[in-house]
Protein chains: 2
Amino acid sequence: MSVDSTNKLALNFDENGLIAAIAQDFETKEVLMLAWMNEEAFQKTIETGEAHYWSRSRQELWRKGATSGHIQHVKEIQIDCDQDAILLLIDQKGAGACHTGRKSCFYRVASSGEKLTFLDEKSQNT
Amino acid sequence: MSVDSTNKLALNFDENGLIAAIAQDFETKEVLMLAWMNEEAFQKTIETGEAHYWSRSRQELWRKGATSGHIQHVKEIQIDCDQDAILLLIDQKGAGACHTGRKSCFYRVASSGEKLTFLDEKSQNT
């Protein structure tokens, strides 16, 4: 059976053993961050119900919120058609998912030109 | 100024010249797909207002919906803190984003064990 119609989990990790994982707030549907999982991070996430990732910068397993307290309780794990992307529906504890203190890592908008607009400023101006 | 506080666009493409791009329905907030952009795909998306990606399987620039008609009109392009992920808020035309005919590519749920549950079946059972 093809990868998009099977009910068998067969994650397609990339050449570095990683798969992209999107974290989305299960209530507001806000997309909070994109991170990476290896096989171990995926298994730990399933086992514990808390999001684990692979930190590419630190090259280590990363239990989200281990130091900050900003734990992500996982409500559902969705897998895409090609089994090469994961969508976590989460309950974000603490201030937010972003290391800058914001709820979401996506806080700037690109348009034509090289200048980004901060969504916080945007909301202040409107 | 650091990458997370600058207002200057400086996308951090990976070693293959690609960056992950999430497509989210701008109204329902449903996450529809995750795909990849190279520099050209990003520029074409900005210029045309329609989502362009880089097809890793076909190794070519891919105007989403070029053959299916399932165009994605881009309402906003958000950039994450590290500038290594993109979130497109889109208006999805046609049946959906997924090549299987579904609106979203995320239609299966993983839990412990190797069996995936289809969300369509799940909604039929509840």
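Author: The size of an interface is often given as the accessible area lost when the parts come together. Here, in a predicted model, the contact can be read by residues instead, with 34 residues from chain A and 34 residues from chain B taking part.

Reader: Which elements give two or more residues to the side of chain A that touches chain B?

Author: They are β1, β2, β5, β6, β7 and β8 of chain A, and the largest share, five residues, comes from β5(A).

Reader: What is the order of the strands in the open sheet of six strands?

Author: The order is β2(A)-β1(A)-β6(A)-β5(A)-β7(B)-β8(B), and the pairing is mixed. Because β2 of chain A and β8 of chain B each have a single partner strand, they stand at the edges, with one side of each left without a neighbour in the sheet. Within chain A, β5(A) and β6(A) are antiparallel and joined over seven bridges, A:His73 having A:Asp91 in β6(A) as its bridge partner.

Reader: Which residues of the largest nonpolar core touch the most other members?

Author: Of its 66 residues, they are Ala21, Ile22 and Leu88 of chain A together with B:Ala21, B:Ile22 and B:Leu88. Leaving aside residues up to four places away in sequence, A:Leu88 touches A:Ala21 and A:Ile22, and its other contacts include A:Ala51, A:Val74 and A:Ile77.

Note on methods
Residues are numbered from 1 along each chain as its sequence is written. Chains are lettered from A and ligands numbered from 1 in the order in which they are written. This is a predicted model: local features need pLDDT of at least 70, side-chain atom pairs count only at pLDDT 80 or more; totals for chains, interfaces and linings use all residues. A nonpolar core is a set of buried Ala, Val, Leu, Ile, Met, Phe, Trp, Tyr and Cys residues joined through C-beta atoms within 7 Å. A residue is buried if 20 or more other C-beta atoms lie within 10 Å of its own, exposed if 12 or fewer, and partly exposed in between; C-beta atoms are placed from the backbone. Two residues are in contact if their C-beta atoms, placed from the backbone, lie within 7 Å. Helices (H or I, at least four residues) and strands (E, at least two) are DSSP runs, numbered from the N terminus. Two strands pair if DSSP finds at least two bridges between them.
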